[in-house]
Amino acid sequence: MAHLTIGLLGRPSITCAGQPLELRLRKELALLAFLAAEQEHRHSREALAGLLWPDDPEETARNNLRVVLAGLRRQLGAAGAGCLAADRQHVRFVPESDHALDVRAFRELLAAVRAHAHGAAERCEACVARLAKAADLYQGEFLAGFSLSDSPPFDE
């Protein structure tokens with residue numbers, strides 16, 4: 001089992017070492033969700049600050065990002081040290097870290113079904129099993145019930 005488990009299909013949920021983790025701030029959850037869901041890219045601090053604090057002056061938004069990132073790392077503990085990488089210009093979620101992400105697993109299962117050479121997926125036992133796993137992962141819409149009222153770009 002992965003040290004860090006992130007569920008974004010349905011109501012967001014995070015577990016660390018098997019224990020539920022409630023993040024203190026909504027922006028911490030928003031930052032983690034965005035970075036994890038978009039882990040194939042590194043993101044500029046400027047873009048992240050604009051995404052989460054679109055109406056704040058740039059310096060204020062960048063400071064808010066520093067504070068939220070530090071708080072997120074602190075709450076994730078050892079898992080955070082391995083899953084988040086940041087330098088002065090960029091922040092990214094480390095795809096190779098010890099984590100499980102339902103969105104990633106869901107996408108991989110569907111991609112495997114699409115890539116499998118067969119006439120009909122419903123007659124292929126391997127594809128039916130993959131689709132069943134994908135259905136189990138799907139607990140609802142992406143980030144169901146979660147939004148940031150002060151950040152329309154994030155909600156989009």
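1. A residue counts as exposed when its relative accessible area is over 50%, and as buried when that area is under 20%. Ala 17 comes out at 52% relative accessibility, so it is on the exposed side of that cut-off. Please keep in mind throughout that this is a predicted model.

2. Most residues other than glycine have a negative phi.

3. Where else does a residue other than glycine have a positive phi near 55 degrees? Leu 143 does, and its place is the loop between α6 (125-137) and α7 (152-155). Is Leu 143 buried or exposed? With a relative accessible area of 8%, Leu 143 falls under the 20% limit and is therefore buried.

4. Now for the overall layout. The chain has seven helices and seven strands, and reading along the sequence gives the pattern β-β-β-α-β-α-α-α-β-β-β-α-α-α. Its C-alpha trace spans about 55 × 30 × 30 Å along the principal axes. Of the contacts between residues at least 6 apart in sequence, 62% join residues at least 24 apart.

5. On covering and surface, buried residues make up 40% of the 156 residues in the chain. The accessible surface comes to about 9,000 Å², and carbon and sulfur atoms account for 52% of it. As for charge, the chain carries 18 positive and 21 negative charges, whose mean positions are 5 Å apart.

6. The largest nonpolar core has 37 residues, and the members touching the most others are Leu 31, Leu 76 and Phe 93. Which elements each supply at least two residues of this core? They are the strands β1 (4-7), β2 (13-16) and β6 (90-93), together with the helices α1 (26-37), α2 (45-52) and α3 (58-76). The most comes from α1, which gives eight residues.

7. Beyond its neighbours within four places in sequence, Phe 93 is in contact with Leu 4, Ile 6, Leu 32, Leu 35, Ala 36, Gln 39, Cys 83, Leu 84 and His 99. Among these, Leu 32, Leu 35 and Ala 36 are buried residues of α1.

8. Helix α1 itself is mostly covered, with 10 of its 12 residues buried. The buried set includes Lys 27 and Glu 28 as well as Leu 29, Ala 30 and Leu 31. From first C-alpha to last, α1 reaches 16 Å, close to the 16 Å expected at 1.5 Å a residue.

9. Helix α3 has 19 residues, and its end C-alpha atoms are 27 Å apart, in agreement with the 27 Å it should span at 1.5 Å a residue. Its buried residues are Ala 61, Arg 62, Leu 65, Val 68, Leu 69, Gly 71, Leu 72 and Leu 76. When you look at their spacing, recall that an α-helix has 3.6 residues a turn, so residues three or four places apart point the same way.

10. Finally, have a look at Glu 22, in the loop between β3 (19-20) and α1. Glu 22 counts as exposed because its relative accessibility is 68%. Although Glu 22 and Gln 75 are 53 residues apart in sequence, their C-alpha atoms are 8.8 Å apart in space.

Note on methods: Residues numbered from 1 in each chain as written. Predicted model: local features only at pLDDT ≥ 70, side-chain atom pairs only at ≥ 80, totals over all residues. Heavy atoms only, no water. Core = buried A, V, L, I, M, F, W, Y, C linked by side-chain atoms within 4.5 Å. Buried < 20%, exposed > 50% of the residue type's maximum accessible area, 1.4 Å probe, protein only. Helix = DSSP H or I, 4+ residues; strand = E, 2+ residues; numbered from the N terminus. Contact = heavy atoms within 4.5 Å. Expected span 1.5 Å × (residues − 1). Areas by Shrake-Rupley, 256 points an atom, 1.4 Å probe, with all protein chains shown as cover. Lys, Arg positive; Asp, Glu negative; His and termini not counted. Charge placed at Lys NZ, Arg CZ, Asp CG, Glu CD.
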